[in-house]
Amino acid sequence: SVSLSIGEAMRPGLIDVAAFSPFPTPLAGAVAGVEPLVVAKGAAYSSVFVCRTDRGIDSLDDLRGRRIAFVDAGSTSGNYIPKLLLKRAGIDPGADIEGSYAGGHDTAELAVKQGSVDCAADARSSYQTMVDKGVIDGAAQTIVAETGPIPVSLVVIARKDLDPAISQGIVDAFVNGDNAAALGVVGATSFEKAQDSDFTIFRDAASELGVDLEELSRK
């Protein structure tokens with residue numbers, strides 16, 4: 001996935017700093033010695049299942065046996081969190097649906113539009129943006145299930161051996177600077193210095209989904 005590729009690129013020092021999806025951040029730390037510096041909070045950030053309205057899908061339970069496009073293997077809102085919603089509803093993401101990766105939020109939605117899948121797992125904001133722009137028809141593909149709010153929408157990460165003064169400067173720039181424009185781009189209300197506790201929910205979700213972060217880090 002794109003997220004994990006960024007983490008891998010930091011291992012040999014090809015990238016110093018990157019914006020990252022929150023769920024795989026603990027994995028990136030294990031794989032590439034990545035340190036989370038800043039988290040974006042307060043965004044109206046949730047995962048949704050968007051389905052064609054001509055397929056008779058009205059609830060989460062109707063997703064059994066359906067073709068579902070997820071975003072990519074490293075996506076928080078387009079893979080891990082929607083799969084957690086399925087699992088908590090008693091639907092096995094590996095056996096009870098036909099899942100595939102579209103490669104992007106927009107391509108997942110377009111796969112629904114084109115009819116190659118029944119539903120897409122996506123961020124609500126991505127779906128709404130495409131509806132607002134007229135790229136997809138909200139009457140033809142609509143939300144049938146939604147998760148609760150996801151507390152962290154974006155993480156700024158750096159390789160651990162980056163000059164500490166630079167890392168602190170990045171934190172200060174995000175946390176103490178005038179970042180109204182940047183917050184608007186990510187739809188968040190604040191940037192905060194990253195704490196280990198910010199990622200507890202994602203570690204717990206990984207455990208519930210059977211994603212072994214330590215095992216993956218050795219592959």
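Tutor: Let us begin with the contacts of this predicted model: among those in the protein chain between residues at least 6 apart in sequence, 76% join residues at least 24 apart.

Student: What makes Cys51 and Cys119 a disulfide?

Tutor: The sulfur atoms of Cys51 and Cys119 are 2.2 Å apart, and a disulfide is a pair of cysteine sulfur atoms within 2.5 Å, so the pair qualifies. The structure holds one disulfide. Cys51 lies in strand 3 and Cys119 in strand 6, so the pair ties together parts that are 68 residues apart in sequence.

Student: Why is Cys51 called buried?

Tutor: Buried means under 20% relative accessible area, and because Cys51 has 1% relative accessibility, Cys51 counts as buried. Cys119, with a relative accessible area of 0%, is buried by that cut-off too.

Student: How do you know that Asn79 is buried?

Tutor: Asn79 lies in helix 3, which covers residues 76-88, and has a relative accessible area of 2%; since the cut-off is under 20%, Asn79 is therefore buried. Buried residues make up 46% of the 219 residues in the protein chain.

Student: Which backbone oxygen lies 3.3 Å from a polar atom of the side chain of Asn79?

Tutor: That backbone oxygen belongs to Ala73, and the distance of 3.3 Å is within the 3.5 Å used for a polar contact. Not counting residues up to four places away in sequence, Asn79 touches Phe70, Asp72, Ala73 and Tyr101.

Definitions and conventions
Residues are numbered from 1 along each chain as its sequence is written. This is a predicted model: local features need pLDDT of at least 70, side-chain atom pairs count only at pLDDT 80 or more; totals for chains, interfaces and linings use all residues. Side-chain values use heavy atoms; hydrogens and water are left out. Helices (H or I, at least four residues) and strands (E, at least two) are DSSP runs, numbered from the N terminus. Buried means under 20% relative accessible area, exposed over 50%, partly exposed in between (1.4 Å probe, protein chains only). A polar contact is a pair of N or O atoms within 3.5 Å; within protein, one must be able to donate a hydrogen and the other to accept it, and residues adjacent in sequence count only if both atoms are side-chain atoms. Contact means heavy atoms within 4.5 Å.
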